[in-house]
Every structure is written in C-alpha cells, then in structure tokens.
Amino acid sequence: QVQLVESGGGLVQPGGSLKLSCAASGSIFSISAMGWYRQAPGKEREKVAFIISAGSSNYADSVKGRFTISRDNAKNTVNLQMNSLKPEDTAVYYCNVEGRSNSSSVFGSWGQGTQVTVSS
C-alpha cells in the first residue's frame, strides 16, 4: 500500500501565498506522476497541476503563472507553491500519485485533502 500525507493548507488573504506538500510512503518501486487536484463546494474535482518523472509539468489554465509544482524524487514528495491566490482558488486540495509498487502492480493513491481558503 501507498500512503500520502498532505500538509500546508490554511486561510490566506487574496494575493497571498501558500505552499502545499505531499509525502508518499509505503510499497513504492517507482513514481511516474505526482499532482494536485482541487474540489470546491458544489463543483467537480479538477486537475490543478501535475509533474512526471522526467520533470515536465502541466497546469490548469486558471493557475498558470501563479502556481508552481515541484517534486523531490529522492524523498517521494511533491509541492505546490501557490502565489497571488484568489478567492476562486478556495477548495479542498488533493494530492495524487501514480506509479508501481514493489510487487510491480500499478497504483494510484490519493491524499486525505487539505483545505485552502482565500478570503479577506
């Protein structure tokens, strides 16, 4: 099994910054992609940003230029630096990791979610 632990959510004023972190542990042989999704009340979960093992990343149009995703392959962690936050960024943010376990099976795991609230 693979476990994800997220941290870094909270309340911030518009224009402020937050950094989310996610650490993966357990039966991990390799990680192919790490990313962040978010779900606002009454809305579907949407992909925010993801990064593959080779290092290339992709962002939702709504966060381009404001959010930066990074990963530490040695520590199996992924971070999301969020700058210039807007009220519409308010949501529960979920970490997602995909890869292969030590038993060679493919896995896709989700974090428990961390609340980000942008409000004055």
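A residue counts as buried here when its relative accessible area is under 20%. Keep that cut-off in mind as we look around this predicted model.

**The disulfide**

How many disulfides does a search of the whole structure find? It turns up 1. The partners are Cys-22 and Cys-95, whose sulfur atoms sit 2.2 Å apart. In general, a disulfide is a covalent bond between the sulfur atoms of two cysteines. Cys-22 belongs to strand S3 and Cys-95 to strand S9, so the pair ties together parts that are 73 residues apart in sequence. The torsion about the S-S bond of Cys-22 and Cys-95 is about -80 degrees, so this disulfide is left-handed.

Are the two cysteines buried or exposed? Here are their values:

| Residue | Relative accessibility | Class |
|---|---|---|
| Cys-22 | 2% | buried |
| Cys-95 | 0% | buried |

Cys-22 counts as buried because its 2% relative accessibility falls under the 20% cut-off.

**The overall build**

Out of the 120 residues, 42% count as buried. Take the contacts between residues at least 6 apart in sequence: 56% of them join residues at least 24 apart.

**The core**

The largest nonpolar core has 31 residues, and Trp-36, Leu-80, Met-82 and Tyr-93 touch the most other members. Strands that give two or more residues to this core include S3, S8 and S9. Which residues does Leu-80 contact, once its neighbours within four places in sequence are left aside? Among them are Leu-18, Leu-20, Trp-36, Val-48, Phe-67, Ile-69 and Tyr-93.

**A hairpin to look at**

Now find strands S9 and S10, which pair in the antiparallel sense over 5 bridges. One of the bridges joins Gly-99 to its partner Phe-107 in S10. This hairpin has 4 residues between the strands, and Ser-104 takes a positive phi near 75 degrees.

In a regular strand the side chains alternate between the two faces of the sheet.

Definitions and conventions
Residues are numbered from 1 along each chain as its sequence is written. This is a predicted model: local features need pLDDT of at least 70, side-chain atom pairs count only at pLDDT 80 or more; totals for chains, interfaces and linings use all residues. Side-chain values use heavy atoms; hydrogens and water are left out. Two strands pair if DSSP finds at least two bridges between them. A disulfide is a pair of cysteine sulfur atoms within 2.5 Å. Buried means under 20% relative accessible area, exposed over 50%, partly exposed in between (1.4 Å probe, protein chains only). A nonpolar core is a set of buried Ala, Val, Leu, Ile, Met, Phe, Trp, Tyr and Cys residues joined through side-chain atoms within 4.5 Å. Contact means heavy atoms within 4.5 Å.
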